[in-house]
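I opened a new structure today and kept notes as I went. The entries below are in the order in which I looked things up.

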Amino acid sequence: MDRASVRAIKRIGCAFLFLFLSLSVFSAILSVHFIDVGQGDAILIQTPDGKNILIDGGPVEAFPTLDDYLRSQGVEVLEIVIATHPHADHIGGLSKIFAEYPVARVYMPRVSHTTVLYRNLLLAVREAGLKIQTARMDMDVTVEEGILFRLLGPVRDDYEELNNHSVVIYLAFQEVSFLFMGDAETDAEADLMKRKLIPDADVLKVAHHGSRSSTSEAFLKKVEPTYAVISCGKNNDYGHPHASVLKRLRLYAREVFRTDRNGALLFETNGVALRISDKDGWLVLPSSFPSESEGGLYIGNRKSKIFHVPSCDFLPDEKNRVYFSSVEEALNEGFRPCGLCRPLAREGKASGGNYPK
Ligand SMILES: [Zn+2]
Ligand SMILES: [Zn+2]
């Protein structure tokens, strides 16, 4: 073999390596599912390496829903289970989780409760051969490289209100972050803020189902969430979420999603952009999100009825966007192709562009 061919082979090798690296970067997706368990919380996190983390298990009667959901997402093993606090709408389904899924690690706050549900949970953990690890303030939990999973609270273990013992969790994957507040109330928020433990976050799991005993204005000012999620049941007995909290959230967050209206909500991020969907389809789909797996992606302007490829310089405001997976779909909906980016000529091409910050 002559020198030129050796060089050519090396070059091709480099190109393949580069392609492989960029593909593996793009396919690294972190998913956060806010499962619709009615009045309660159950959140599934799936890491880029395929680890599953469950925060709370909803009320006991929602276990079949939770179980079906986990199985539909291919969950067979749970790396971490967190019981944020011992209330029934958070731990009800967890005993069965420990009975039916292998779990590697379990975290709970240092607080006990007198209910049968709580006692059963402790028994189920013991029967699974696990030892509960105490969730403490400002404690990093190892998940995998590239994922920051930090327990921010509970700050104290002498609160009177059980909700304030909630494990508060900060999750970050590159530039995108989530803050899960459990049912923490304003006392816990204040303690966290006093210790400068409240970060800003892109997505806020609103505390205590949107109750007015949580989510103070000072807290929201600190978090400045782009999106807020409320996990609550339809027509629940508590009147959650409270109108005053919704009003505050709308002031600080770009959008507020609710499991009682949206059903299960799925947030997916590649570490830079964030896309959000519910059972009916996309709620937020930024143009920079890799869309190879879905084939085409086209963005229409619901006002002008013109559609574009995601890399077009003339995309509509996010609030006016509608998304299509094919040119046919857009045309069928009565949209016309943009004359600049010419979607018809580029059918099937992958997208590019930058996520609008
Ligand atoms: Zn609670
Ligand atoms: Zn609750």
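**Entry 1: overall counts**

I noted at the start that this is a predicted model. I counted the secondary structure of the protein as 10 helices and 20 strands. The protein has 357 residues, and 43% of them count as buried. I then looked at contacts between residues at least 6 apart in sequence, and 65% of these join residues at least 24 apart.

**Entry 2: confidence**

I looked up the pLDDT before reading any detail. The average for the protein is 89, and 87% of the residues score at least 70. Two stretches I marked for caution. Over residues 18-26 the pLDDT stays under 50, and the model has 2 contacts beyond four places in sequence for them. Residues 348-357 also have a pLDDT below 50, but this stretch has 19 contacts in the model beyond near neighbours in sequence. Where pLDDT is low, the predicted coordinates should not be read in detail. I left both stretches out of the later entries.

**Entry 3: strand E1**

I took strand E1, residues 30-34, and found that 4 of its 5 residues are buried. Which strands does E1 pair with? One is strand E14 (residues 265-269), joined to E1 by 5 bridges in the antiparallel sense. The other I noted is strand E2 (residues 43-46), also antiparallel to E1, over 4 bridges. I wrote down one bridge pair for each: His 33 with Leu 266 in E14, and Val 32 with Ile 45 in E2.

**Entry 4: the sheet of seven strands**

I traced an open sheet of 7 strands in the order E7-E8-E9-E10-E11-E12-E13, with mixed pairing. Strand E7 (139-140) and strand E13 (255-258) are at the edges; each has a single partner strand, so one side of each has no neighbour in the sheet. Inside this order, E9 and strand E10 (residues 176-180) run antiparallel and are joined by 5 bridges. Leu 171 has Phe 178 in E10 as its bridge partner.

**Entry 5: the sheet of four strands**

I found a further open sheet, with 4 strands in the order E19-E17-E18-E20 and mixed pairing. Its edge strands are E19 (321-324) and E20 (336-337), which pair on one side only. Strand E17 (residues 298-301) and strand E18 (residues 306-308) run antiparallel, with 3 bridges between them. Across that pair, Ile 299 stands opposite His 308 in E18.

**Entry 6: helix H6**

Which residues of helix H6 (residues 186-194) are buried? I listed Ala 188, Glu 189 and Leu 192. They lie on the same side of H6, because they cover an arc of only 105 degrees around the axis. The buried residues of H6 pack against strand E8 (147-153), strand E9 (168-173) and helix H7 (217-223). Just after H6, I noted a positive phi of about 55 degrees at Lys 196.

**Entry 7: the nonpolar core**

I looked up the largest nonpolar core, which has 96 residues. The residues with the most contacts inside this core are Ile 43, Val 81, Ile 169, Ala 228 and Val 229. E9 gives the most to the core, with 6 residues. The core draws at least three residues from each of domain 1 (27-269) and domain 2 (291-346).

I picked Leu 94, which is found in helix H4 (residues 94-100). Is Leu 94 buried or exposed? Leu 94 has 30 other C-beta atoms within 10 Å and therefore counts as buried, the cut-off being 20 or more. Not counting residues up to four places away in sequence, Leu 94 touches Gly 57, Val 81, Ala 83 and Leu 121. The C-alpha atoms of Leu 94 and Ile 82 are separated by 9.4 Å, and the two are 12 residues apart along the chain.

I then took Ser 213, in the loop between strand E11 (203-205) and H7. Ser 213 is partly exposed, because it has 17 other C-beta atoms within 10 Å. Leaving aside neighbours within four places in sequence, Ser 213 is in contact with Glu 185, Thr 186 and His 208. Ser 213 and Val 245 are 32 residues apart in sequence, with 9.1 Å between their C-alpha atoms.

Technical notes
Residues are numbered from 1 along each chain as its sequence is written. Chains are lettered from A and ligands numbered from 1 in the order in which they are written. This is a predicted model: local features need pLDDT of at least 70, side-chain atom pairs count only at pLDDT 80 or more; totals for chains, interfaces and linings use all residues. Helices (H or I, at least four residues) and strands (E, at least two) are DSSP runs, numbered from the N terminus. A residue is buried if 20 or more other C-beta atoms lie within 10 Å of its own, exposed if 12 or fewer, and partly exposed in between; C-beta atoms are placed from the backbone. Two residues are in contact if their C-beta atoms, placed from the backbone, lie within 7 Å. Two strands pair if DSSP finds at least two bridges between them. The arc is that of the directions from the helix axis to the C-beta atoms. pLDDT is the predictor's confidence in each residue, from 0 to 100. A nonpolar core is a set of buried Ala, Val, Leu, Ile, Met, Phe, Trp, Tyr and Cys residues joined through C-beta atoms within 7 Å. Domain bounds come from an automatic or database domain assignment.
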